[in-house]
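Let's take a walk through this model, one piece at a time. Keep the picture open while you read.

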Amino acid sequence: MRQIAVLTSGGDAPGMNAAIRAVVRTASAAGLLTYGVQDGYAGLIDDRMDLLGRRDVGGIIQRGGTMLGSARSQAFYEEEGRRAAIGNLERRGIDALVIIGGNGSQTGSLALTEMGFPVVGIASTIDNDLLGTDITIGADSAINVAVEAIDRLKVTAESHRRGFVVETMGRDSGYVALMAGIAGGAEVVCIPEQEISPEQVARELGLAFERGKRHALVVVAEGAQHGAQELWDYCEEHQAEVGFTLRLTVLGHVQRGRTPTASDRLLGTRLGQGAVDALLDGQTGVLIGLYSDEIIRSALSDVGGKKRGVDPALLSLAQSMSR
Ligand code: F6P
């Protein structure tokens with residue numbers, strides 16, 4: 001193996017830069033050249049890539065986002081697009097590709113692997129919904145933004161005896177909402193994986209009001225079956241039952257754009273090194289993740305494109321702590 005390429009794909013996640021840096025520097029230490037592909041799969045199809053040296057990845061470990069750019073490419077879903085991508089890699093003499101991204105991106109890793117191109121994936125998404133890892137790059141940073149926001153909302157909520165409906169990211173996954181809800185002391189957490197009706201939410205808020213609470217927080221993942229706006233509308237209409245007056249706050253991409261936490265920098269660095277180590281061992285078609293604090297390699301055929309559910313113990317913890 002002489003040359004590899006690295007790309008970031010899907011939603012950017014704080015800590016992706018640490019992973020890129022670790023890939024480039026580990027590869028360089030082993031005598032490999034690394035190409036950085038621009039804008040994910042789109043750049044692969046359009047043959048937009050440049051060689052990256054050790055110095056090119058200096059000063060990025062503390063930066064959120066991704067220095068390579070990212071995208072969600074429709075063309076890559078077509079076999080023709082993937083063939084063009086492989087053609088470009090082969091023409092440049094690139095022997096293997098490292099793909100840093102979440103569920104959709106690792107479905108792409110699996111598709112390339114099945115077409116015979118050597119790929120190693122790195123688990124990276126704020127959603128933490130991949131199999132093959134305890135935690136993905138970016139989740140810790142996103143949760144911390146949401147918790148900081150919740151803490152601040154509680155301060156103002158308490159002053160006015162208000163309830164807040166807070167929407168976090170996660171159109172398919174409730175991990176960020178659930179963890180932020182537990183860490184922020186929310187009264188109710190609503191996530192795509194578990195249906196909670198507007199009636200139940202109003203009831204929980206009403207009970208919190210009766211218990212004499214001066215604030216109440218409903219944390220709602222973007223993809224919850226009843227969205228934040230719908231819940232807010234319902235609770236406003238049933239204000240007499242709810243007790244609290246209500247406000248709605250949508251956190252959105254603020255959660256992705258932050259400086260990575262130390263934990264995400266460390267995770268990105270460890271997984272980036274782990275990906276190149278796998279390549280040097282001649283192992284491809286794997287996703288690099290962290291399990292019980294060990295770097296592990298899972299077959300993409302087992303984990304690619306499969307969504308991890310939420311832990312029911314965490315759901316019941318959120319519920320029992322809210323009373
Ligand atoms: O997959 C990561 C994620 O941030 C989700 O939590 C969110 O639902 C989605 O991306 C938003 O995607 P986009 O940045 O394309 O709007």
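This is a predicted model: local features need pLDDT of at least 70, side-chain atom pairs count only at pLDDT 80 or more; totals for chains, interfaces and linings use all residues.

You'll find Asp39 in the loop between strand S2 (33-37) and helix H2 (40-45). What does its backbone do there? Phi of Asp39 is near 55°, a positive value even though the residue isn't glycine. To see why that's worth a look, remember that most residues other than glycine have a negative phi.

Ser292 is another case: its phi is positive, at about 50°, and Ser292 is not a glycine either. This one sits in the loop between strand S10 (286-291) and strand S11 (294-299). Is Ser292 buried or exposed? Its relative accessibility is 54%, so Ser292 counts as exposed, the cut-off being over 50%.

## How H5 and H6 cross

Now for a pair of helices. Two packed helices are described by the angle between their axes and the distance between the axes. Helix H5 (residues 139-160) and helix H6 (residues 175-184) have axes that come within 9 Å and cross at roughly 45°. That angle makes H5 oblique to H6. The crossing of H5 and H6 is also right-handed.

Which residues do the touching? On the H5 side they are Ala139, Ala142, Ile143, Ala146, Val147, Ile150 and Lys154, and they meet Tyr175, Val176, Met179, Ala180, Ala183 and Gly184 in H6. Sorted by class, this contact of H5 with H6 has eleven nonpolar residues, one polar and one charged.

## A four-stranded sheet

Next, the strands. Four of them form an open sheet, in the order S7-S8-S6-S9, with parallel pairing. Which strands are at the edges? Strand S7 (188-190) and strand S9 (245-250) are, since each pairs on one side only. From one strand to the next, the twist averages 15°.

Let's zoom in on one pairing. Strand S6 (residues 162-168) and S9 run parallel and are joined by six bridges. To spot one end of a bridge, look for Arg162: its bridge partner in S9 is Thr245.

## Where helix and sheet meet

H6 turns up again here, as it packs on the sheet and touches S6, S7 and strand S8 (216-221). The direction of H6 makes about 165° with that of S8.

Methods: Residues are numbered from 1 along each chain as its sequence is written. Side-chain values use heavy atoms; hydrogens and water are left out. Axes are lines fitted to C-alpha atoms, for helices over the stretch in contact, and angles run from 0 to 180 degrees between N-to-C directions. Helices (H or I, at least four residues) and strands (E, at least two) are DSSP runs, numbered from the N terminus. Angles under 35 degrees count as roughly parallel, over 145 as roughly antiparallel, 65 to 115 as roughly perpendicular and the rest as oblique. A crossing is left-handed if the near helix is turned anticlockwise from the far one by less than a right angle, and right-handed if clockwise. Contact means heavy atoms within 4.5 Å. Ala, Val, Leu, Ile, Met, Phe, Trp, Tyr, Cys and Pro count as nonpolar, Asp, Glu, Lys and Arg as charged, and the others, Gly among them, as polar. Two strands pair if DSSP finds at least two bridges between them. Buried means under 20% relative accessible area, exposed over 50%, partly exposed in between (1.4 Å probe, protein chains only).
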